[in-house]
2 protein chains.
Amino acid sequence: MILQIDPSSGLAIYDQIVRQLKFAVASGKLRPGELVPSVRELSKQLAINPNTVARAYRQLQDEEVLESVRGLGMQMAAGSAKRCRADRKKLISARLKEVFREARQSGLLRSDISSLIEKELKSFPETVEADTP
Amino acid sequence: MILQIDPSSGLAIYDQIVRQLKFAVASGKLRPGELVPSVRELSKQLAINPNTVARAYRQLQDEEVLESVRGLGMQMAAGSAKRCRADRKKLISARLKEVFREARQSGLLRSDISSLIEKELKSFPETVEADTP
DNA sequence: GCTACTGTACTATCTCACTAGTACACGCGT
DNA sequence: ACGCGTGTACTAGTGAGATAGTACAGTAGC
């Protein structure tokens, strides 16, 4: 379970964690009942404060993506995969729309954007998603 | 000269102003010597604090996009169009790359992304840019 | 000269995200 | 029972962005 944080990305750190865990659930990298790294462990890995991790986990709990096992850790909640797949699509779609909105506003031509997109799509793998139980 | 601000966008308000004025210069909507709205005027239009506008204008001045005319206002600096066109491409490209990076990480398929992109490209006008002097 | 605008330059305050630290209760293994 | 992990729940502080307010100097129009 590898998460990455970019403090300069403009997204709050806890939000980055929330997103990445949702993606992990959506893509089957995280399975129902599987424990996520503990608050202290992940904060060490990411070199951030435990409270920041705790905040992300709390939100994911509120959204029924994770559930807490007192004294043991936090695990993926059963039945959250479908919800996360829908969320994943919404999250990515929203960002893409926003970039396109700005690109339109900026006065760039469609051809300018298309060539940028083609470049990026080239490095985009067409892979089969992990099995979901 | 119409600027828009979205406080929930994740970009600092002053940064949104900076970007939009760069785009206006890049696309020829703002011409050399043309005055931008005054600090007080724009802050009224956007319902934000004058100091926030002043900060954006200061940055644009530092980057030689705008130049100040004491008692008169701020005008577009001669020769900044070329620089802004390069900046525009960089700014949009950077955001696009970032969205693609996250999309790849999220486990979405290329086909999922492609269909989202096609939808957005449909609404992307292929227009001729305003003349630049 | 006066008025109304302009940018510039402060000071003080607020909010949010994040950090740091601490303490408690729970669960597991020995 | 003890030790070591876990999440949870605080308190206090920092930095960035934003707000509010004020004052000064410059410019233009009357």
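A polar contact is a pair of N or O atoms within 3.5 Å; within protein, one must be able to donate a hydrogen and the other to accept it, and residues adjacent in sequence count only if both atoms are side-chain atoms. Keep that in mind for the notes below.

1. This is a predicted model, where local features need pLDDT of at least 70, side-chain atom pairs count only at pLDDT 80 or more, and totals for chains, interfaces and linings use all residues. Residues are numbered from 1 along each chain as its sequence is written, chains are lettered from A and ligands numbered from 1 in the order written, and side-chain values use heavy atoms, without hydrogens and water.

2. Start with the two protein chains: 18 residue pairs, both at pLDDT 80 or more, are in polar contact between chain A and chain B. There are also ten salt bridges across this interface (a side-chain nitrogen of Lys or Arg within 4 Å of a carboxyl oxygen of Asp or Glu). One to look up is R104(A) with E120(B), whose closest N and O atoms are 3.6 Å apart.

3. A backbone N or O atom of I13(A) sits 2.3 Å from a phosphate oxygen, while for V39(B) the backbone distance is 3.0 Å. S38(B) uses a side-chain N or O atom instead, at 2.6 Å.
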